[in-house]
Amino acid sequence: MSENKGVNIKTDEKAASAADTAPTPQNTPIFTAPMAAAAAAVEAGDIEASLAGNPALLSMLQGRLGSLIGASSGYIESLPKAVRERVDVLKYLQQQHTEIDKKLHMEIYELEKKYSKQYAPLYERRNALVQGTAEPTDQEKAEGAKIAKEEKENEEEASGIEEEDADEDEDVAGIPEFWLTALKNHPNFSELITERDEEALKFLRDIRLAYLDESPGFKLEFVFAENPFFSNALLTKTYVYDQDEIAGALEFSHAQGAEIDWKPEHDLSVTVETKKQRHKTTNRTRVVKKTVPAQTFFSFFTTVEEPESDDESELAEETRDRITLDYELADDLKEKIVPNAVDWFTGKALEYEGLDEDDGFEDEFMDDYYEDDDDEDDSDDDEDDDDSGDELSKSAKEAAEPPQCKNQ
């Protein structure tokens, strides 16, 4: 008689439980100990705070997750050989597509250069009228009057305000402060231009656009009349493109500015702070002057070096933001202000650009744009001088304010 063995229920339950919890791709975490420790240590909603308090864990997670980007899932490798060969052929076709894209973008660039030569006579004529070296012909006046009449009717119909003729001044040459007004009507440039800058920009005679021959890119040329601020007759900013290897598009690479030869006591990029120091022992006072960086439109011409790609410091991020903002300004000059300068002068551009005077860079972005120098230079407060006495400060607006300038 065969012996009947009883069923050990506890043993079978343990086996079933072990089978249910056996390691599988679904229940096996990629990171075992650290992830388990983090999950046990924090409650829901506190993960971010926990990681912030554990830099080592955060760094490890970032490194592990970063290594997964672009990593193969194994799917392609699992395909039949014939299918993988077809995929390889598709890659070859895409490579040919990219080569065509590269030619397309270069031809578009060359087309822009070609048409810039056709625009040149119009820009030269515009400059002559703005500077007053030429007067409009009768035909030009007639065509301009047609446009003005149509715009006037549309504006009066929309606003109900009739335009009044101002007193004529036959002694006015050209169009005074043309480029200064055009720039100030642009929301982003208006935030860059300070009151001190305006006096210098009254001497701005033209803004020209030129395409580069040696490599893809463009140059902005600011032409100035003789002025009391700097000796440069021409200030330039050059922007160079690189061609993307994947899409073939031309992308901004780097920019090269110009060095401004400031005249004594007229450097708009700094202010002069003066303060009186009284020695607590001798009670004698002295005046100390120190130059500090100042916000100015002319920071636009500064060459800003791109930080190293692996530099993740706060300063590096601010520098990258500044470079991005700088290129946005340059692109607006290239695509909008130079071609349509009269619309920016009159303010009409704000209508078709969908902008108003309040549109512009956010304050934090403007802080990134201006070069900041936080270096503390207290070298004058040495030896027997003590700063415990009275101190009076003045800005350069009082100490070295530029004279009022007139158009020349």
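User: To start, where is the place of Glu265?

Analyst: Glu265 sits in the loop between strand 4 and strand 5 (270–278), where strands are DSSP runs of E with at least two residues, helices are runs of H or I with at least four, and both are numbered from the N terminus. Before going on, note that this is a predicted model, in which local features need pLDDT of at least 70 and side-chain atom pairs count only at pLDDT 80 or more, while totals for chains, interfaces and linings use all residues. Residues are numbered from 1 along each chain as its sequence is written, and side-chain values use heavy atoms, with hydrogens and water left out.

User: What is phi of Glu265 near?

Analyst: Phi of Glu265 is near 65°, which is a positive value in a residue other than glycine. Most residues other than glycine have a negative phi. Glu265 is exposed, at 67% relative accessibility; here exposed means over 50% relative accessible area, buried under 20%, and partly exposed in between, with a 1.4 Å probe and protein chains only.

User: And Glu177, where does that one lie?

Analyst: Glu177 lies in the loop between helix 7 (138–159) and helix 8 (178–184), and its phi is also a positive value, near 55°. With 31% relative accessibility, Glu177 counts as partly exposed.

User: Switching to aromatics, how many aromatic pairs does the structure hold?

Analyst: There are 24 aromatic pairs, where rings of Phe, Tyr and Trp (its six-membered ring) pair if their centres lie within 6.5 Å, and planes under 30 degrees apart count as stacked, over 60 as edge-to-face and the rest as tilted. One of them is the tilted pair of Phe218 and Tyr241, at 6.1 Å centre to centre with 55° between the planes. This pair links distant parts of the chain, as Phe218 is in strand 2 (residues 217–224) and Tyr241 in strand 3 (residues 234–243), 23 residues apart.

User: Is Phe218 buried or exposed?

Analyst: Phe218 is buried, with a relative accessible area of 0%, and Tyr241 also counts as buried, at 11% relative accessibility. Tyr239 and Phe252 form another pair, whose ring centres are 5.9 Å apart with planes at 50°, so this pair is tilted. Because Tyr239 lies in strand 3 and Phe252 in strand 4 (residues 250–256), the pair ties together parts that are 13 residues apart in sequence. Tyr239 is buried at 0% relative accessibility, whereas Phe252 is partly exposed at 24%.

User: Which charged end sits over the ring of Phe218?

Analyst: That is the charged end of Lys334, 5.6 Å from the centre of the Phe218 ring; the criterion is that NZ of Lys or CZ of Arg is within 6 Å of the ring centre and within 35 degrees of the ring normal. Likewise, the charged end of Lys237 sits over the ring of Phe300, 4.6 Å from its centre. Phe300 belongs to one aromatic cluster, which has among its members Phe189, Phe222, Trp262 and Phe297.

User: New topic: about how much space lies in the second largest pocket?

Analyst: About 520 Å³ lies in the second largest pocket. A pocket here is an open set of points on a 1 Å grid over the protein atoms alone, where a 1.4 Å probe fits, with protein on both sides within 12 Å along at least five of seven lines, and lining residues have an atom within 4 Å of a point. The volume is the space filled by probe spheres set on the points.

User: Which helix gives the most to the lining of that second largest pocket?

Analyst: Helix 6 gives the most, with eleven residues, and helix 6 (81–131), strand 1 (204–211) and helix 11 (314–337) each supply at least two residues of the lining.

User: What about Val130, which helix is its place in?

Analyst: Val130 is in helix 6 and counts as buried, at 7% relative accessibility. The C-alpha atoms of Val130 and Pro176 are separated by 7.4 Å, although these residues are 46 apart along the chain. Leaving aside neighbours within four places in sequence, Val130 is in contact (heavy atoms within 4.5 Å) with Gly174, Ile175 and Phe178.
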